[in-house]
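This report describes the arrangement of strands, helices and chains in one structure. Please keep the sequence and the model in view while reading.

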There are 2 protein chains.
Amino acid sequence: MAIIGKEITSAEELEKHFKEHSVAEFFKKNMQMLGLTGKIRTLTTIIHEYVTNSIDACEDAKILPEIEIRITELAPLHYEVMTKDNGPGLTKSTVGRALGKLLAGTKFHRLIQSRGQQGIGASGVTMLSQITTGQPIKVLTGNGKETFACEISIDVRKNEPKITNFQDLKKEYRGTIIRARFKDVKYVKSEQGPLEYLRRTAIANPHATIKFIAPNNEKFVFRRSIQQIPAKPKEVKPHPKGITVDELITLAKHTKAKKVVSFLKSDFDRMGEKAINEISKLVSFDLNKDPKQLRWHEAEELVKAFKKVNFIAPRTDTLRPIGKERIEKAIKAIVQPEFLAVVTRAPQVYKGGFPFQVEVAIAYGGKAGKVINGQKKIEIMRFANRVPLLFDAGGCAITKAVNSIDWKRYNIKDIENTPLTIFVNLISVFVPYTSAGKQAISEEEEIIEELRLGLMDCARKISKFIAGKQREYERKMKKETFFKYIPEVAKSLHKVTKNDYESIKRKLERLVLERLRLEEKEVEENEKKGKAA
Amino acid sequence: MAIIGKEITSAEELEKHFKEHSVAEFFKKNMQMLGLTGKIRTLTTIIHEYVTNSIDACEDAKILPEIEIRITELAPLHYEVMTKDNGPGLTKSTVGRALGKLLAGTKFHRLIQSRGQQGIGASGVTMLSQITTGQPIKVLTGNGKETFACEISIDVRKNEPKITNFQDLKKEYRGTIIRARFKDVKYVKSEQGPLEYLRRTAIANPHATIKFIAPNNEKFVFRRSIQQIPAKPKEVKPHPKGITVDELITLAKHTKAKKVVSFLKSDFDRMGEKAINEISKLVSFDLNKDPKQLRWHEAEELVKAFKKVNFIAPRTDTLRPIGKERIEKAIKAIVQPEFLAVVTRAPQVYKGGFPFQVEVAIAYGGKAGKVINGQKKIEIMRFANRVPLLFDAGGCAITKAVNSIDWKRYNIKDIENTPLTIFVNLISVFVPYTSAGKQAISEEEEIIEELRLGLMDCARKISKFIAGKQREYERKMKKETFFKYIPEVAKSLHKVTKNDYESIKRKLERLVLERLRLEEKEVEENEKKGKAA
């Protein structure tokens, strides 16, 4: 809201205009930063926020996710979204903060791989409902002990939840149902619509069953193909290679350890006796010092020492890749490609000590790629912690990595117009999104590099297949060209030699085929030599 | 910082893990959302935050900006940044909030065109200094009445400023000097480096003098070419065409007016007697009602009525375009193009009632475009409220608008490889950035449409010039082809006719030139007819 005031021309005038505002006010004015912009995108983002929360909650509680989404058109550009899950439910004390307060939640301070991570998304959606319809969202939740219903909106100025129409319900229930209404949104069945979002979610989460009822009452069921809940990722302690000085000091301030030596052992991943011995020789102070007394330059010495010591790579059980076989199975089922290469790379660490891992698949032929104006084009499916990223492709590290590859080296001459589906899943205990809308990954150097390595791994595999396809095509074209002239040549020879035309023709055909076979053999032998060399 | 706790498997466990965090903690963990990511980008963003604040402050105080920036390399990847302006200075009460508290400032609640708008940038930079070096930033400021120095850092957990080493200074001073140190950043002289950022800032702000001292002590001065401070944009009341129901209710709650009718007159732009008469007939309630009692459905009726009434377009004095002549002057000086088309479009309103305006220039030839591997390529210079946008081009509405144009229709066959400089400045009282890093504009439909219209305006002008260039080229090629064969033909004719070879050759040459002239005339006449038709 505008405040029309006196002109500001001096430092004192400036002082009078100085205002503070809440994070809710900030995001209310900048809904586009939450991905809540554009009629189509907004509806997809709403579904995205609810579904990621539901799957996260189910997995935390070791429940196989069963999620239902229904979108109902109430009037043009006016919709109701209903989501229902079989998760652990919310309590009276958490429901308001989970759905009616920005920057509150369970995920922010924990180093554990999850889909949500900021405690903004679902509350942002509540704010959108109240801004566009003036109505709160309706919640019904049961956690096995208590079942209750209420309505939630946000006091934007204070960033506090407002709970109304609270009702204790007698029936036992486990799960959460949310009904919310929105204006100025639109349902479409497009590449950026809710249906495609759910289809891709199903690809990356084969252990979840997702039901969807579209506004025209069409029903879709993505049934789980795997009956096991993925092994739960462990919460991770920071890996020494990635920690910053500031983070080390924060950890030191809050540790229960009384000496730096025990602080290092208890608060870091992969910190063994040998490493600590090495570190003690690299720093200028005694490691028996109280960690709470650690000064900046001492912490700096520690971080420098960490860089020189050889630690074991970060634990892999902190990350939960989809896995090579599951990706293969999912892509084969949907894309039915002629050729498929899948790579799950080893975990790495990026700035801040966050472990991450890259999964890449490249599918060629079949239903791979997407069709635009009757032309097959490349399709890039981006995921972060198994969540599909449908928007902001241009600003994403995954797109940048794909564009940075010299595809010609892998026999792909015109990447844009090749029937390829490139699948990339980045998993991490903390995904560095470019915006609170969580649709694009920031271009961290270590992440770009790993993405490139994964893409090149797959590209190498597929390049041989494509080279073969191209040889076959060239052979076919050569054969056709030769065969086109055979009747003419045969006719001339027949005139000159008076031999039988048909017999000459057959002989010429045999000659050409023989010649092509020889050429093929030569190429293959050269390739074998090339490999041996 | 990680909290390693018990596994969360029930709603009650979840409750124990529920945490709230401050907006400073959020952005500290997500520095990439502030553009503070990557060694090179981070340093440019730091300069960007300080320089935009300085120019805004100077213009508010009607001072011709005089800004000095010095970057000093203290050690590899360790720099000091000093910025000095001649602005109105800060007071003891504002200095902490301006530089040590996120979401505090003068700009957020005002509908006035300015470069900064969120009250995040400069405090984010303070946080970066303390995270990478453990040190506060040093400030010296004078506002004509008092001069003082202090050090500022942020209590991240509370999002509150910490002021240390405060010193009252006796000397009189006007302006602000900030010294801050950063690690893990790098100065480079590249398209995304501080120097290019300042060069573009100078292009869009010809009334500012900007001095820059690079780490190698090289000095650059961008001297002001215009001695007048741009006319100060007025603060704007919301235009009725763009207001949302929620915003209308918020305004109604805070208005001093006692009746809806006076509320409409006092709180909206372009609301005349005639419009109010029309509105009163379109709504079901009495406009003498107390605005504080306005209910959602009544506010909805008002907004619907606004859509049906013809209001005058938004006031243009709320926006401050650079202006056609100034853009021409600036681009001619720097790019020296063969051809230049500049358009400043009329103001429009986008969602939320925010006026905006688009300025576009397309320069062809000369130093237009950029050189990559010896090849001339297209260069797109993006600006928002005269601030250069150097990053996140892929996710920006300006890039999307450029890519959506069918350039072939304007005789530009391969836009990527054409020596063009496209200059776009979007000005608005509220720029919808995609992220708090403010480097890309969100794809609002109305904005994309205006950008397209501006680009097509310029494209039409330049297409004629390019068509002429192409005709000239074709004529030249034709002439060369004909002339190549003239000696041979002349020789043959000489042999047959025995006439003088040189004379035949001259005659043939005249013949060809005459023929080409005729063709040219024909084309021109066809064009004239085409115009007349």
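## Strand S9 and its partners in chain B

In this predicted model, strands S2(B) and S9(B) run parallel and are joined by five bridges. One residue pair shows where they meet: B:Ile67 has B:Ile210 in S9(B) as its bridge partner. Strand S9 of chain B, residues 209-213, is mostly covered, since four of its five residues are buried.

With S10(B), strand S9(B) pairs in the antiparallel sense, over four bridges. Here B:Phe212 stands opposite B:Phe220 in S10(B). S9(B) and S10(B) form a hairpin with five residues between them. In the turn, B:Asn217 has a positive phi of about 75 degrees.

## The sheet of chain B

In which order do the eight strands of the open sheet in chain B stand? The order is S7-S6-S5-S8-S3-S2-S9-S10, and the pairing is mixed. The edge strands are S7 (160-169) and S10 (219-222) of chain B, each of which pairs on one side only. From one strand to the next, the twist averages 15 degrees.

Helix H3 of chain B (residues 39-60) lies across strands S2 (66-75), S3 (78-85), S5 (137-143) and S8 (174-183) of chain B. The helix runs at about 155 degrees to S2(B). Helix H5 of chain B (residues 121-133) lies across S3, S5, S6 and S8 of chain B, and its angle to S8(B) is about 40 degrees.

When its neighbours within four places in sequence are left aside, B:Thr52 is in contact with B:Arg115, B:Tyr197 and B:Val387.

## Helix H10 of chain B

The buried residues of H10(B) are B:Trp296, B:Glu298, B:Ala299, B:Glu300, B:Leu302, B:Val303, B:Ala305 and B:Phe306. In an α-helix there are 3.6 residues a turn, so residues three or four places apart point the same way. The buried residues of H10(B) pack against elements of both chains: helix H5 (121-133) and strand S8 (174-183) of chain A, together with helices H7 (245-254), H8 (260-267) and H9 (273-282) of chain B.

## The sheet of chain A

Chain A has an open sheet of eight strands in the order S7-S6-S5-S8-S3-S2-S9-S10, with mixed pairing. Strands S7 (160-169) and S10 (219-222) of chain A stand at the edges; each has a single partner strand, so one side of each is left without a neighbour in the sheet. Neighbouring strands are turned by 15 degrees against each other on average, direction ignored.

Strand S6 of chain A (residues 147-155) pairs with S7(A) in the antiparallel sense over eight bridges. A:Ser153 stands opposite A:Lys162 in S7(A). H5(A) lies across S3 (78-85), S5 (137-143), S6 and S8 of chain A, at about 40 degrees to S8(A).

## How the two chains are related

Chain B is superposed on chain A by a rotation of 180 degrees with 0.1 Å of shift along its axis, with an RMSD of 0.2 Å. The two copies are thus related as by a two-fold rotation axis. The same surface serves both copies, for 100% of the contact residues of chain B recur in chain A. B:Gly394 comes closest to the rotation axis of the residues of chain B, at 2.0 Å (C-alpha).

## Cysteines

How many disulfides does the structure hold over all chains? The number is zero. A:Cys150 is in no disulfide, and the nearest cysteine sulfur, that of A:Cys58, is 19 Å away. A:Cys150 counts as buried because its relative accessibility is 3%.

In chain B, the sulfur of B:Cys58 is 19 Å from the closest cysteine sulfur, in B:Cys150, which is too far for a bond. A disulfide requires the two sulfur atoms to be within 2.5 Å. B:Cys58 counts as buried, at 0% relative accessibility.

How values were computed:
Residues numbered from 1 in each chain as written. Chains lettered and ligands numbered in written order. Predicted model: local features only at pLDDT ≥ 70, side-chain atom pairs only at ≥ 80, totals over all residues. Heavy atoms only, no water. Pairing = 2+ DSSP bridges. Helix = DSSP H or I, 4+ residues; strand = E, 2+ residues; numbered from the N terminus. Axes fitted to C-alpha atoms, helices over the stretch in contact; angles between N-to-C directions. Contact = heavy atoms within 4.5 Å. Least-squares fit on C-alpha atoms with pLDDT ≥ 70 in both. Buried < 20%, exposed > 50% of the residue type's maximum accessible area, 1.4 Å probe, protein only.
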